[in-house]
Amino acid sequence: VSPYSEAVIGQIAASSAADVDLAVAAARRAFPAFSRSPVAERMALLGRIKALLEERVELFAQTISREMGCAIGFARASQIPFGIAHVEAQIEVLASYPFLKQASGFAIAKEPIGVCALITPWNWPMNQIALKAIPAMLAGCTCVLKPSEESPLNAMLFAEFCHDAGIPAGVFNLVNGDGAGVGSTLSAHPDVEMISFTGSTRAGKAITKAAAESLKRVTLEL
């Protein structure tokens with residue numbers, strides 16, 4: 001429901017725990033091959049996503065304005081350009097990122113962690129998707145994104161871009177739903193190695209407790 005017109009502007013699925021299982025299983029199957037893919041190949045894939053974002057700026061701006069109620073001028077000037085700028089910065093960092101660093105007498109290797117669950121808020125949706133999904137994939141991780149059920153339509157567009165850019169099957173997965181259903185299932189899922197959450201302190205506490213059972217890496221912005 002659009003917050004400024006109160007008109008119904010779209011419908012999404014309310015995913016179940018079984019849907020989450022399917023998405024995580026797809027991400028887990030894709031991880032071995034994708035984690036070993038060359039850095040240049042991953043940069044090229046994400047570069048194509050960036051190009052698609054730039055081509056369809058107005059579509060994204062209109063979608064975000066309608067679903068979250070921000071002024072269209074603000075969506076055009078900030079919501080989408082900031083998301084694109086994050087993608088550019090992350091690609092630039094990856095170009096010279098030291099995955100293997102020699103130290104005195106030993107080496108430090110940084111490796112992709114595995115399947116990452118990403119939970120994003122309603123108010124800066126594209127910005128937060130770019131800050132979570134892009135670096136996860138650039139690092140060689142596979143991911144399952146749960147956008148806010150209050151503004152999910154831009155995430156659906158992003159999923160289309162991933163498909164159109166040629167991201168391999170299972171590398172990027174989108175599961176719509178609420179925190180109590182999808183979010184809690186992802187937090188406790190035994191095949192998720194890391195969870196990144198932006199939202200309320202209350203939900204952050206619940207996610208941390210659920211993730212502790214399987215010793216997931218947890219990053220929170222509350």
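**Helix H2.** I began with helix H2, residues 39–55, in what is a predicted model, where local features need pLDDT of at least 70, side-chain atom pairs count only at pLDDT 80 or more, and totals for chains, interfaces and linings use all residues. Residues are numbered from 1 along each chain as its sequence is written, and side-chain values use heavy atoms, with hydrogens and water left out. Helices (H or I, at least four residues) and strands (E, at least two) are DSSP runs numbered from the N terminus. H2 has 17 residues and reaches 24 Å from first to last C-alpha, close to the 24 Å expected at 1.5 Å a residue; the expected span is 1.5 Å times one less than the number of residues.

**Faces of H2.** I looked up burial next, with buried meaning under 20% relative accessible area, exposed over 50% and partly exposed in between (1.4 Å probe, protein chains only). Arg 42, Leu 45, Leu 46, Ile 49, Lys 50, Leu 52 and Leu 53 of H2 are buried. Seen down the axis of H2, these buried residues fall within an arc of 160°, so they line one face of the helix; the arc is that of the directions from the helix axis to the C-beta atoms. An α-helix has 3.6 residues a turn, so residues three or four places apart point the same way. On the other side of H2, I found Ala 40 and Glu 55 exposed. The buried residues of H2 pack against helices H1 (17–35), H3 (57–68), H4 (72–95), H5 (125–138) and H6 (153–164).

**Gly 47.** I noted that Gly 47, also in H2, is partly exposed at 26% relative accessible area. Its C-alpha atom is separated by 11 Å from that of Gly 166, 119 residues apart along the chain.

**Ser 151.** I then turned to Ser 151, in the loop between strand E4 (142–146) and H6. Ser 151 counts as buried, at 1% relative accessibility. Its side chain reaches the backbone oxygen of Trp 122 at 3.0 Å. Leaving aside neighbours within four places in sequence, Ser 151 is in contact (heavy atoms within 4.5 Å) with Glu 67, Met 68, Pro 121, Trp 122 and Pro 125.

**Whole chain.** Of its 222 residues, 44% count as buried. Residues 24 or more positions apart account for 77% of the contacts with a separation of 6 or more. Along its principal axes, the C-alpha trace spans about 65 × 40 × 30 Å.

Terms used:
Polar contact = N/O pair within 3.5 Å; in protein donor to acceptor, adjacent residues only side chain to side chain.
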